[in-house]
Amino acid sequence: MAVFIIVVLSLVGSAVITMLNNTSKATVSEVYGARALFAARSGAEIFLANRLLESPDSITLGDCTPREENQAPSERDEPTEIPFINEGGLSSCQAYVHCDHVTTPTGSIHVRVESIGSCEIGGENYTRVLLLEASDAVL
């Protein structure tokens, strides 16, 4: 009877340890995923402030490639890399920003900014994608 109780308690203890280990890994993954999302958001904001909205009166489309109306974003041009060196919570992270634009049949400009945040920690790479769209059209 004592051997049976010891075996059952060992199995329960092993299951609890495995469950705690999995929960810990999920929490770490969630935190680093949030860092990657913040890197993507920060990269998009830096790109918008420094490249797209240089002038307070108009947008600068020089860093945005033209696209066809039904074309998917990015991956046909070189992204703008925005590294975060010695940036506290975003150290070991970077953002890759793609920008494209299309002139609609009504003459308005539609701009799409895709920012891919990536953080590499301990051999693991965590990535999040953020897509921003803007238009000067009046609906």
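Trainee: Why is serine 115 counted as buried?

Mentor: Its relative accessibility is 0%, and buried means under 20% relative accessible area, exposed over 50%, and partly exposed in between, with a 1.4 Å probe and protein chains only. Serine 115 therefore counts as buried. The model is a predicted one, in which local features need pLDDT of at least 70, side-chain atom pairs count only at pLDDT 80 or more, and totals for chains, interfaces and linings use all residues. Residues are numbered from 1 along each chain as its sequence is written, and side-chain values use heavy atoms, with hydrogens and water left out.

Trainee: What does serine 115 touch, not counting residues up to four places away in sequence?

Mentor: Contact means heavy atoms within 4.5 Å. By that rule serine 115 touches Ala40, Gly43, Ala44, Ala95, Tyr96, Val97, Arg128, Val129 and Leu130.

Trainee: What makes the pair of serine 115 and the backbone oxygen of alanine 40 a polar contact?

Mentor: A polar contact is a pair of N or O atoms within 3.5 Å; within protein, one must be able to donate a hydrogen and the other to accept it, and residues adjacent in sequence count only if both atoms are side-chain atoms. The backbone oxygen of alanine 40 lies 2.6 Å from a polar atom of the serine 115 side chain, so the distance is within the 3.5 Å limit.

Trainee: Which strand holds serine 115, and what makes a stretch a strand?

Mentor: Serine 115 lies in strand S4, residues 109-121. Helices (H or I, at least four residues) and strands (E, at least two) are DSSP runs, numbered from the N terminus. The protein chain has 1 helix and 5 strands, in the order α-β-β-β-β-β along the sequence.

Trainee: How do you know that S3 and S4 pair?

Mentor: Two strands pair if DSSP finds at least two bridges between them. S3 and S4 run antiparallel and are joined by 11 bridges, so they meet that rule. Tyrosine 96, for instance, has isoleucine 116 in S4 as its bridge partner. The two strands form a hairpin with 5 residues between them, and glycine 107 in the turn has a positive phi of about 95°.

Trainee: What other strands pair with S3, and in which sense, parallel or antiparallel?

Mentor: Strand S1 (residues 65-66) runs parallel to S3, with 2 bridges; threonine 65 stands opposite aspartate 100. S2 pairs with S3 in the antiparallel sense over 5 bridges, and glutamate 81 stands opposite tyrosine 96 there. S3 is mostly covered, with 9 of its 11 residues buried.

Trainee: Why is the pair of cysteine 93 and cysteine 119 called a disulfide?

Mentor: A disulfide is a pair of cysteine sulfur atoms within 2.5 Å. The sulfur atoms of cysteine 93 and cysteine 119 are 2.0 Å apart, so the pair qualifies. The pair links distant parts of the chain, with cysteine 93 in strand S3 and cysteine 119 in strand S4, 26 residues apart. A search of the whole structure finds 1 disulfide.

Trainee: What makes this disulfide right-handed?

Mentor: The torsion about the S-S bond of cysteine 93 and cysteine 119 is about 110°, so the disulfide is right-handed. Cysteine 93 has a relative accessible area of 3% and is buried; cysteine 119, at 0%, is buried too.

Trainee: Why is serine 118 called buried, and what does its side chain meet?

Mentor: Serine 118 has a relative accessible area of 7%, so it is buried. Its side chain makes a polar contact of 2.9 Å with the side chain of asparagine 125. Among the residues in contact with serine 118 are Ser92 and Cys93.

Trainee: What makes a set of residues a nonpolar core, and which members touch the most others in the largest one?

Mentor: A nonpolar core is a set of buried Ala, Val, Leu, Ile, Met, Phe, Trp, Tyr and Cys residues joined through side-chain atoms within 4.5 Å. The largest has 17 residues, of which Phe84, Cys99 and Val113 touch the most other members. Helix H1 (2-52), strand S2 (80-84), strand S3 (93-103) and S4 each give two or more residues to this core.
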